[in-house]
Amino acid sequence: AEEAELQLPAHKRKLPKYYHYYEWMATRLREALPGLEEEVEDKFLTLDSGELDVLLAHPRAARGQAEEFQRVLRERGPRALAHYQPERLSWDEARALRGSEADEDGSGEGSVGGHGGTDRALVAGGGGGGLTPAERLGVPALPA
């Protein structure tokens, strides 16, 4: 059966589950962090898809995670890296990263109204489908 599969044209062969996702993420990873060791790249690709997407959206966070993976690889080896579980990036950390990266590039988009990196409202709660004045400014919604 495997030999018959290999005889098929490339476009008709069965691909592993999530093949295209992994190829896409590997391409994004290589563009964001060129020159990663194969073990570190593989470790990135084992992360939760949402977590990996957030990391790739925030270059500083991705570089920091790559350095952490490289340190584990260097100090404890490939087997330890394969079993290593990094801490997940929190929402507040991602928000802070987004604000600081926008400020660094001079775009000024990282902070709306000087409210610490929030550039859009979490929930549109103004009633009637509109935004409250605070939401228009991007002020974070605080629990009552």
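Predicted model: local features only at pLDDT ≥ 70, side-chain atom pairs only at ≥ 80, totals over all residues.
**Exercise 1: the salt bridges**

Task: Work out how many salt bridges there are and which parts of the chain they link.

Solution: 
- Start with the count, which comes to two.
- Now take Arg-28 and Asp-53, whose side chains meet in a salt bridge at 2.7 Å, N to O. Arg-28 sits in helix α2 and Asp-53 in helix α4, so this pair ties together parts 25 residues apart in sequence.
- Next up are Glu-41 and Arg-30, with their closest N and O atoms 2.9 Å apart. Here Glu-41 belongs to helix α3 and Arg-30 to helix α2, and the two are eleven residues apart.
- For background, side chains of opposite charge can pair when their charged atoms come close.

**Exercise 2: buried or partly exposed?**

Task: Decide whether Glu-41, Arg-30 and Asp-53 are buried or partly exposed.

Solution: 
- The cut-off you need is that buried means under 20% relative accessible area, exposed means over 50%, and partly exposed is in between.
- Glu-41 has 13%, so Glu-41 is buried.
- Arg-30 has 43%, so Arg-30 counts as partly exposed.
- Asp-53 has 35%, so Asp-53 is partly exposed too.

**Exercise 3: the core and helix α3**

Task: Find which elements build the largest nonpolar core, then see what covers the buried residues of α3.

Solution: 
- The largest nonpolar core has 21 residues, and those with the most contacts inside it include Leu-33, Leu-36, Val-40 and Phe-44.
- Two or more residues of this core come from each of α2 (19-32), α3 (38-45), α4 and α5. The largest share, six residues, is α5's.
- Zoom in on Leu-36: beyond its neighbours within four places in sequence, Leu-36 contacts Leu-29, Glu-41, Phe-44, Ala-66 and Gln-70.
- In α3, the buried residues are Val-40, Glu-41, Lys-43, Phe-44 and Leu-45. Their cover includes α2, α4, α5 and α6 (78-83).

**Exercise 4: the second largest pocket**

Task: Describe the lining of the second largest pocket, then look at Glu-51.

Solution: 
- This pocket has a volume of about 180 Å³.
- Sort the lining by type and you get four nonpolar, two polar and five charged residues.
- Sort the lining by element and α4 (49-57), α5 (59-76) and α7 (91-104) each supply at least two residues, with α5 giving the most, four.
- Glu-51 is one of the lining residues and is found in helix α4. Its relative accessible area is 8%, so Glu-51 is buried.
- Leaving out residues up to four places away in sequence, Glu-51 touches Glu-87, Arg-88 and Leu-89. Glu-87, Arg-88 and Leu-89 also line the pocket.

Methods
Residues numbered from 1 in each chain as written. Heavy atoms only, no water. 1 Å grid on protein atoms, 1.4 Å probe; cavity = no way out; pocket = protein on both sides within 12 Å on 5 of 7 lines; lining within 4 Å. Points joined across faces, edges and corners; volume = space filled by probe spheres on them. Nonpolar A, V, L, I, M, F, W, Y, C, P; charged D, E, K, R; others polar. Core = buried A, V, L, I, M, F, W, Y, C linked by side-chain atoms within 4.5 Å. Buried < 20%, exposed > 50% of the residue type's maximum accessible area, 1.4 Å probe, protein only. Contact = heavy atoms within 4.5 Å. Salt bridge = Lys/Arg side-chain N within 4 Å of Asp/Glu carboxyl O.
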